[in-house]
Every structure is written in C-alpha cells, then in structure tokens.
Amino acid sequence: MGLRYYSAMTQVIIVGFVCFLCPGMFNALNGTGGGGQLDTTTGNNANTALYSTFVVFGILGGAIVNLCGVRWTIFVSGFTYALYSGSYIYLNHTGSGSFTIAAGAILGIGAGILWAAQGMIMVSYPREEEKGRYIAVFWIIFNLGGMLGGILPFAINYKKDNGSLDDGVYIAFVVLECLGAFLGLALAPPSKITRDDGSSVVLVKYTNLGTETMEILKLFINPLMLALLPMCFNSNFFYTYQFDNINGGLFNVRTRGFNNIFYWGAQMIGSYAISFLLDTPRFSRKTRGMIAFAIVFVFFNAIWGGSLALNIKYPSPLPLADRIDFKDSSRAGGAITLYVFCGIGDALYQSFAYWIIGALSNDNQLLARYIGFYKGMQSFGGAIAWQLAAKKVSHRNQLVANWVLFAISVPSMLYVVWKIKDHSEPIGPKDEGSEHYEEKGVEQAA
C-alpha cells in the first residue's frame, strides 16, 4: 500500500526532510566546532545566545504551534537557520562576531518553535505501537542532513589542513536551509491527518491563548515533567564537549567534516536499532523502557570513560600544528571511533527521551507542550554548556561535568520509566468543555 499524503507516515517523512535541510545543516556546521571557525569564541557565544532564546521559545513553542499550526510556524522558522549560516560569511570578511551572535539569538526563537512542531508530529501522529519506528524514520532522514553537511566541508576544504571554512560551504548551507523552509509549506494541517487504522490524530481541535498560557504554567508543577527535567537538561549539554572538545579540539578542519559524516551516520544506526526494542510486542511497554534505560546507562558511561582516556592521551585542544588528520591512522583511529560512538549514544538518548514523552499521552496538543518543555529545558543545558566553553573552562572539567550530570539524570529518568503503563488512550474529559484528558500512560505520581 502506497503512502497517502494525509497519512501520519507521509507527514513524518516531510518534517524529516525539513529537518534534514534546516537543523541537519546546522548540526553539520556546529559539529565542525565553533561553526567551522579557527577561533571558536564567536561560535560558542552564538550558541549561548541561541540556546538562551531557545529556552524561552522551546517552552512557548508548543503553545505557538497549537495556536498557529505546523505549516506556517515551520516555514518561518526555517529561514532563521539560513540567517545563522549566512552570518558566518559576514564573520569571514569582517572578523566581527556581533551579527553571528545576534543571528544565533534569532535562530533560538525559530528553532524552539520548529522543534515543538516537529516533536508533536513525530510522537502524536503514530499509533502507540509504532512510535519507536516513527522516531527512527524521522531520525534517519534528519541525520542524512548531518551526513551531507559533513561531506560539504570535507570536500570543499580537502586541501586545507587548518583554518576556517570557506564561504562556499556557508553559501551551500544557506541555499539548502532556504529549501527546507519552503518544504514546510508541504505539511498538511493535523486536523486532516488519519492513521492507517482510520483514526484521526487530532483529539481536540480548539484552543486559545488563555488556555495555552495556563497549560504552559502547569508544566512547571507537573510531577512527571519535573522528574524529566534532569534528562532534558543533560540531553544537549554533551554536544559542546563532543563537537568543540573532541572534534573541534583534536582534528584539523578537513577531518572534522570527515568525522561528521560518520557521526551523523552512526546516529541513523543507533535510532534504527533501538526502534525495534521500543516497539516490540514481546514485552510490556514498561519492560521495554527499562531495557532501553539500561542500554543508555551502560552506553553513556562507556562513552564518558572512553572520553576520559582520550583526554588523558591527547589533552584538548591540541596545538594547530599537531591536530590529527584522518590519514594518520595511528592517531586518528581511536579518536574517530570514540566520536562515532558518541553519535550512536546521542541517537539512543534522544530516541529514548522522545519515546518516554510519547508514552505519556496521545493528545497532540498536550504532547506539543511536553515536547516544548523538553526542548526548552534541553536548551537551558545547552546554553550553559556553550558558555562554559566560551569562558575557556578546561576540557577535563567539562568532561567531569557531563558525567556528573548524566549520573544525576539517572534516578528521575528511571522513576518516570517505572511509571509508564501499556496504554495512553484518553479516557474522557475532566470537565465539560475542557481539552484535558486523564491519561493511562503513566501511573499517578505519589
């Protein structure tokens, strides 16, 4: 049976390609360390500005999407990615980072709204037993963008051992990101989407500004959201260490692009692999969650242990003349392998986090707010991590901070997984005319 335009899978594929072209290109650029600049200070400050505004508009994003719809919010948000990439051309020619930092703050607004819309589509459109697969389909398409974005700087800068990325790389990113913005117009309104079993993805069709304001405020007293806060905070915190300290601090400019091809490719493998566990009918949903939790726990402790060993061997940042090239197999092999495993770990973590949130409800408007909260708190962690890098906190101390934060997130993550039940179907409104539903996705918090 072919894909229908109004099917849930078609919409997830479309938003996947939007993110392939917009956040995917941003990830490729960010993954080079410092936005591809030799001096990473401006890139780190721009990321701090980006994630600072992302905190606010990530939290507000769910409400904005509920009020304005997915099509136009994604369309407008996509252009903020192009503005950010284009700002580095200005930086290349003037040496002034003010425009790039301002563009980062504007991107934080657009990204917060775009990711709220994306998350709502990805976790509320599929049936319960399909959520892991839909997350994997999105993650694979999205990270194809990161792979392509890694090929561009690798190819264009192949003959360049060190220095900043050339204008041609940034121009290519701008063109692709503009295409992604226009692709957002191809999305259909949620009210018209039906699943393969004929059910509608929309449980509630009406909302207003007052309702959305109250519901956002309630997120901050929701026991489950508060329990997930450490997981949310940590979920973007580790990017700074991986991109800036491993890839940006150890490798020359062409090898950073080379590494990103495999980092984002590994993400596709990780997400695809864990989707089989998250959707398998052989185990209860809670059991699947507990097994996935154990995998993430072991994998991340191994990553941080390997990162410590690498940092001891090659204190980052290495002097420019001593940066590792991918052709130097004796030095590059272990470091690149670790970076690739970081990509797998990120995919496992993010897929698991989205799956947990998707297990809390099937209400698309409620999930839009949950995803917005997740992205907002995620960006809070990202803002702090990038500012630590901008303030030149030692890479060893940044590594320790990452490991400690992961350890702190473990108990509350386990608590929420333990609360998950097998079904999240709405069982009726609490009050006449209310848009809220009692959910069976989790046990009531004590």
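Trainee: How many helices and strands does the protein chain have?
Mentor: First, the ground rules: in this predicted model, local features need pLDDT of at least 70 and side-chain atom pairs 80 or more, while totals for chains, interfaces and linings use all residues. Residues are numbered from 1 along each chain as its sequence is written, and side-chain values use heavy atoms, without hydrogens or water. Counting DSSP runs (helices are H or I, at least four residues; strands are E, at least two; numbered from the N terminus), you get 15 helices and zero strands.

Trainee: What share of the 446 residues counts as buried?
Mentor: Buried means under 20% relative accessible area, with a 1.4 Å probe and protein chains only. On that cut-off, the share is 61%.

Trainee: Which side chains make polar contacts with the side chain of Asn 362?
Mentor: Asn 362 is in the loop between H13 and helix H14 (364–390), and is buried at 6% relative accessible area. A polar contact pairs N or O atoms within 3.5 Å, one able to donate a hydrogen and the other to accept it within protein; sequence neighbours count only if both atoms are side-chain atoms. At 2.9 Å there is Glu 128, and also at 2.9 Å, Lys 131.

Definitions and conventions
Buried < 20%, exposed > 50% of the residue type's maximum accessible area, 1.4 Å probe, protein only.
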